[in-house]
Amino acid sequence: MRASLPDKPRDVAVIGGGIVGLACAWHAARRGMSVIVLERDRLGAGASDVAAGMLAPVTEADFGESELLELNLAAAERWPRFAAELTEASGIDTGFRETGALVVAADRDDAEELHRLAELHAALGLPSRWIGPREARALEPGLSPRVRGAIHAPRDHQADPQATVRALAAACRAEGVELREHVEVAELVRSGGSVTGVATATAEVPADAVVVAAGAWSAGLAPDAPPVRPVKGQIAALRAPEPSLAPRHVIRTPRCYLLARDDGRVVLGATVEERGFDAGTTADGVFRLLEAAREVFPDIGELEWTGVRAGLRPGTPDNLPVVGPGEAEGLIWATGHYRNGVLLAPLTGETVADILTGERAAR
């Protein structure tokens, strides 16, 4: 039989200590709520630890995803202020950088595909344009002379997810949020049709509201959970021995992406694999990423290899996140962000805090 923890009930218990869960906790705490975060591993150990950190609503835009595009654009608008406030609160740089992005065509087939995408961007009024090979190489000298052109999206930027998690954790602690690592939630505690807390293997944590931000593991917490599934992504970690070898922009192709941090780290990603909860890395995944990157950025071969990792994105059938009240009173979902968790974290945290405080209608 579980014994209740000796602490008084919290206003909010957040399940999941990734970038989304921590953003929800920080926003709620700033509204004066008492918050506890329960993370099954270490903070940020899930998808946040493997994410590249592209803040790319324009270059992520695709046909038939207008609702997702609207969310992504709204989130991107919040990122400069979010980054500034978070750095001020924590003293930690989030790695937010206004680098812009290039979606590069390696061959004729890519060029045809990207021309259609550029036309979609133009029809939607998005800040991007098609540029020829010469202009693309002027912006990004490391591009292959064989590239056929690119979409330039000057307002797509990047942040460092690991640094952002560290900053969020520090800011949460400064607001009095209790962060518990290596505590796995076994189930939601219910009473009279309402969710009244969470249960671990040894104890119950009472709370007026529970926010489920457990990423790919969210669906296992309740029979009425949204259909969130794990989608594996492998990324390669490299380092540029000198700045001239690192990309200046976020570089994307239909098969990979490449971006650099200020300290010389370079991220190459990412595979998209339906493998359940298998988070293993494979030679084939690494080979395909390196092959795709070398097509457009030959200097990839000069970078130092530092490793490969894999993470599990929380995917949904329509690629839209699930953010809002559950069927039971006291339950709020903040999951299913798929490839846009870093981008959507500020907006999700703000939305969840609005729901918790009644500033946004629960619907």
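The paragraphs below move from the overall fold to salt bridges and then to surface charge.

This is a predicted model, in which local features need pLDDT of at least 70, side-chain atom pairs count only at pLDDT 80 or more, and totals for chains, interfaces and linings use all residues. Residues are numbered from 1 along each chain as its sequence is written, and side-chain values use heavy atoms, with hydrogens and water left out.

The protein contains 8 helices and 19 strands; these are DSSP runs numbered from the N terminus (helices H or I of at least four residues, strands E of at least two). Its radius of gyration is 21 Å, close to the 21 Å given by the globule rule for 363 residues, so the protein is as compact as a globular protein of that length. That radius is taken over C-alpha atoms, and the rule is 2.2 Å times the number of residues to the power 0.38. Along the principal axes, the C-alpha atoms fill a box of roughly 65 × 40 × 40 Å. Of the 363 residues, 55% are buried; buried means under 20% relative accessible area, exposed over 50%, and partly exposed in between (1.4 Å probe, protein chains only).

A search of the whole structure finds 26 salt bridges, each a side-chain nitrogen of Lys or Arg within 4 Å of a carboxyl oxygen of Asp or Glu. One of them joins Arg-309 to Asp-49 at 3.7 Å, N to O. This pair links distant parts of the chain, 260 residues apart: Arg-309 belongs to strand S17 (residues 304-315) and Asp-49 to helix H2 (residues 47-50). Arg-309 is partly exposed at 30% relative accessibility, whereas Asp-49 is buried at 13%.

Glu-85 and Arg-81 also form a salt bridge, with the closest N and O atoms 2.8 Å apart. Both lie in helix H3 (residues 66-90), and because they are 4 residues apart, about one helical turn separates them. Here Arg-81 is exposed at 61%, while Glu-85 is partly exposed at 24%.

In the salt bridge between Glu-295 and Arg-255, the closest N and O atoms are 3.2 Å apart. Glu-295 lies in helix H7 (residues 283-296) and Arg-255 in the loop between strands S14 (250-252) and S15 (257-260), so the pair ties together parts 40 residues apart in sequence. A network of salt bridges links Asp-160, Arg-261, Asp-263 and Arg-265.

Glu-181 occupies the loop between strands S9 (178-180) and S10 (185-191). The C-alpha atoms of Glu-181 and Glu-113 are separated by 45 Å.
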